[in-house]
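Subject: Structure handover

Hello,

Here is the structure for your files, with notes on what turned up in it. Please read the notes alongside the coordinates.

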Amino acid sequence: MSAPDASLPEGDLSPVRTVRPVLRTARRRIPVPARFWVFAAITLAFSVPLVIGLAAVLAPLEAIDVLLVSLFALNTLWVSAAAATAILGTMVIEQEKIAPRPTSAGPRERTAVLFLICGEDPAAVARSIEALTADLARDETSGDTDLWLLSDTGPAAAKREEQAIEPLLAAGLLRYRRRVQNLRRKPGNLADWVQEHSHAYQSMLVMDADSGMTAARLKDLRLAMEADPRLGLVQSGISLRPGGSRFTRLQRLSTRLAGPAFIRGLGAWAGQAGNYWGHNALIRVAAFRTAMDLPALNGPAPYGGDFLSHDFIEAAWLVRAGWKVEISPDMRGSFEDGSDRLETFHRRDRRWCQGNLQHIRALLTRGLHPLSRLHLAFGIQSYLSSPIWLIVILLFLLAGMAPGAVPILSGALALLLVPKITAMIGFLRRTRRRSRRRVFLRASMAELLLSTLVSPLVMVRQSLAVCAVILGRDCGWKGPRRVARPAFPDGSVECAAGLALVALAALGGETAYQALWLTLICGPLIGAPWLYPWLDRDPAR
């Protein structure tokens with residue numbers, strides 16, 4: 001293993017206060033993979049003609065036109081990058097078959113599987129731990145694998161948690177540690193374990209309360225890490241467990257259809273400077289010690305305090321220290337739960353929004369790899385894109401939409417379909433049976449319809465979340481859920497937004513063609529009070 005090196009700069013972030021000194025490994029520059037330039041070329045090929053076309057349609061450009069083109073360019077680059085990632089992933093799938101599972105001897109190093117919990121249902125976590133324990137025994141890897149439950153659950157719910165896992169503790173299948181003080185949230189929980197209990201382990205599998213992984217998939221990750229001493233983190237692809245509501249099924253369907261190509265494309269252009277999603281990832285303990293002491297942002301939340309979306313930062317810090325961070329795109333045997341209700345999804349998305357926007361202050365950190373900066377920028381743009389689309393629509397309605405702008409805007413939105421189209425093409429190439437093709441096409445059409453209905457709802461809620469962060473409203477971290485019913489039923493805010501857009505369109509005297517384009521956005525928004533309960537319902541009931 002590389003020896004410590006003082007080549008990294010001490011002042012990591014000018015607006016950030018470092019909590020503890022950061023350990024450093026000898027810095028070896030992670031190369032930019034050749035496939036990144038293919039990704040960049042496809043992204044520019046999609047986005048540049050659309051941006052130039054809009055500028056030409058609006059010429060001569062006034063101040064409002066310059067603003068429109070600038071905002072449109074940001075979002076067009078974003079959706080073009082997603083389309084390019086899916087295309088690259090499809091190309092990689094065609095060139096490289098998924099590697100078979102290793103047939104060599106099992107892993108030699110010891111691994112800890114860490115389930116981190118903070119108030120979640122302990123019975124569900126206990127079932128996941130019990131299932132993994134049995135699977136490890138069948139795979140004959142239980143002797144060098146220990147399971148831990150690292151709890152940040154408060155005192156009020158701790159007794160219920162201890163009762164749920166008592167049979168596992170009595171059988172010696174689990175080790176349990178609950179912190180008295182929840183300092184620095186999940187990163188602090190994990191860092192405390194690394195400092196106090198990690199010395200017997202070479203690697204650790206980080207899991208959330210709703211995560212799951214098979215023993216075979218874990219073995220794959222462990223063998224990959226043992227084969228490369230510089231591999232600091234390997235992030236597994238993640239599928240979603242089956243759920244009951246229409247919304248849960250939509251999430252799972254979207255992941256199954258477009259997920260494989262997208263994740264494979266992301267892994268291809270990121271190479272050894274990949275990303276980390278906070279769970280279902282195997283981490284080398286020695287590497288994590290160089291990245292676990294995250295800096296704290298100066299000032300109060302939501303702008304300051306601890307990073308809520310700590311995973312992107314940890315990945316960037318690992319790459320900066322010279323460790324490889326790779327994405328293993330295989331989604332088999334690695335899974336998590338999706339949100340059961342749309343409102344639950346919005347609540348969790350609000351926290352992610354605040355966390356990702358905090359990354360704006362980390363973008364200019366000295367020593368970061370260019371691809372790490374790109375991961376951070378994409379995470380930021382994933383939330384800024386919603387208010388940007390909304391502003392673009394409002395500006396067109398207020399200033400008058402040039403007739404030639406409608407096809408260009410439609411072309412930009414059509415790029416959102418590219419991941420779905422690439423998934424469809426790839427499946428049809430691999431499958432010759434007509435029955436399976438029919439099932440796939442029906443599923444694709446259902447997913448397209450449902451995602452078209454849900455996307456405007458998410459756009460409005462994410463726009464409100466961004467505005468809340470800008471206004472300085474902190475969402476907190478897994479605070480107690482409110483029991484009282486909200487003042488307005490679910491979907492009321494979206495419905496009001498849709499009616500406002502229709503009113504602006506009517507005042508602007510839009511043509512029928514332009515009104516038809518707006519219907520795709522305003523229709524689901526106006527119907528949101530009916531869509532919410534319909535999406536949250538189990539279709540079998």
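Among the contacts in the protein with a separation of 6 or more, 83% are between residues 24 or more positions apart. Keep in mind that this is a predicted model. Alanine 505 sits in helix α15, residues 492-507. Its relative accessible area is 12%, under the 20% cut-off, so alanine 505 counts as buried.

Overall figures

The protein has 541 residues, of which 52% count as buried. There are 17 helices and 12 strands. Its accessible surface comes to about 24500 Å², and carbon and sulfur atoms hold 62% of that area.

Nonpolar cores

The largest nonpolar core has 54 residues, and the members that touch the most others are Leu114, Trp193, Met204 and Trp269. Helix α9 (residues 310-320) supplies the largest share of this core, with seven residues. Apart from this core there is another, of 48 residues, including Trp389, Leu395, Leu457 and Leu531.

What does tryptophan 193 touch, leaving aside residues up to four places away in sequence? The list is Ala112, Leu114, Trp148, Leu150, Arg177, Ser198, Tyr201 and Met204.

Helices

Histidine 310 belongs to helix α9. With a relative accessibility of 6%, histidine 310 is classed as buried. Leaving out residues up to four places away in sequence, histidine 310 touches Lys186, Pro187 and Leu294.

Helix α1 covers residues 34-58, 25 residues in total. From first C-alpha to last, α1 reaches 37 Å, close to the 36 Å expected at 1.5 Å a residue. Its buried residues are Phe36, Phe39, Ile42, Thr43, Ser47, Leu50, Val51, Gly53, Leu54 and Leu58. For reading that list, recall that an α-helix has 3.6 residues a turn, so residues three or four places apart point the same way.

Strands

Strand β7 (residues 231-236) and strand β11 run parallel and are joined by five bridges. One of the pairings puts glutamine 235 with isoleucine 327 of β11 as its bridge partner. Strand β11, residues 324-328, is mostly covered, with four of its five residues buried.

An open sheet is formed by three strands in the order β6-β12-β8, with mixed pairing. β6 (211-213) and β8 (239-240) are the edge strands; each has a single partner strand, so one side of each lacks a neighbour in the sheet. β8 and β12 (residues 334-336) run parallel, joined by two bridges. In this part of the sheet, serine 239 stands opposite phenylalanine 335 of β12.

Cysteines

How many disulfides does the structure hold? The number is zero. Cysteine 495 is buried, at 14% relative accessible area. Cysteine 522 is buried too, with a relative accessible area of 4%.

Regards

Methods: Residues numbered from 1 in each chain as written. Predicted model: local features only at pLDDT ≥ 70, side-chain atom pairs only at ≥ 80, totals over all residues. Heavy atoms only, no water. Disulfide = S-S within 2.5 Å. Buried < 20%, exposed > 50% of the residue type's maximum accessible area, 1.4 Å probe, protein only. Expected span 1.5 Å × (residues − 1). Core = buried A, V, L, I, M, F, W, Y, C linked by side-chain atoms within 4.5 Å. Contact = heavy atoms within 4.5 Å. Pairing = 2+ DSSP bridges. Areas by Shrake-Rupley, 256 points an atom, 1.4 Å probe, with all protein chains shown as cover.
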